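Okay, thanks for coming, everyone. Let me put the model up, and then I'll talk about how it packs inside.

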Amino acid sequence: MENKLPTSDQNFVESLIPQRSPFVMVNKLAEYSENHLISGFEIKEENIFVQNGIFQASGLIEHQAQSVALHTGYKYYLLGKDAPTGYIGAIKSFEAEALPKVGDHLKSEVTILNEVMGVTLVNIITKLNDVEIANSQMKTVVK
């Protein structure tokens, strides 16, 4: 299967991450390089992290972590390998300036700072309408 970026092909995007519905928090892969990725996500009413029309901070953290998983999954896809399972090893920092609402489209930029023996240190910035609403630094671990 060949997919050119950007892509919003939900089946392809989901094939790159270990999560499955209803726990998928990414639906677009806009850009990829060895140390960088831009993902997207449209917030829908039925999302498990939506309360009273607002996407909760826990959903933002999960969206950011899945954006990192998307980077790893796409890297493995390019190598012709299955995407590995991973998890959040540590959240060094997380700040949310605002919480998005149903219908909003998030855009997150992942910057890989360091990757050693399956542990990846990343910075993630999430924007809504080109305005930063959240940022974090976390470590993810691949099984």
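I'll go through the cores, then the aromatic pairs.

Quick caveats: this is a predicted model, where local features need pLDDT of at least 70, side-chain atom pairs count only at pLDDT 80 or more, and totals for chains, interfaces and linings use all residues. Residues are numbered from 1 along each chain as its sequence is written, and side-chain values use heavy atoms, leaving out hydrogens and water.

So, the largest nonpolar core has 18 residues. By that I mean buried Ala, Val, Leu, Ile, Met, Phe, Trp, Tyr and Cys joined through side-chain atoms within 4.5 Å; buried is under 20% relative accessible area, exposed over 50%, partly exposed in between, with a 1.4 Å probe and protein chains only. Helices H1 (10-15) and H2 (57-78) and strands E6 (105-116) and E7 (119-128) each give it two or more residues. Those are DSSP runs, numbered from the N terminus: helices are H or I, at least four residues, and strands are E, at least two. H2 brings the largest share, 5 residues.

Apart from that one sits another core of 11 residues, including Met-25 and Ile-133.

Now the rings. Phe, Tyr and Trp (its six-membered ring) pair if their centres lie within 6.5 Å; planes under 30 degrees apart are stacked, over 60 edge-to-face, the rest tilted. That gives 7 aromatic pairs. Tyr-32 and Tyr-74 are edge-to-face, 4.9 Å centre to centre with 65 degrees between the planes. Tyr-32 is in strand E1 and Tyr-74 in helix H2, 42 residues apart. Tyr-32 is partly exposed at 22%, while Tyr-74 is buried at 7%.
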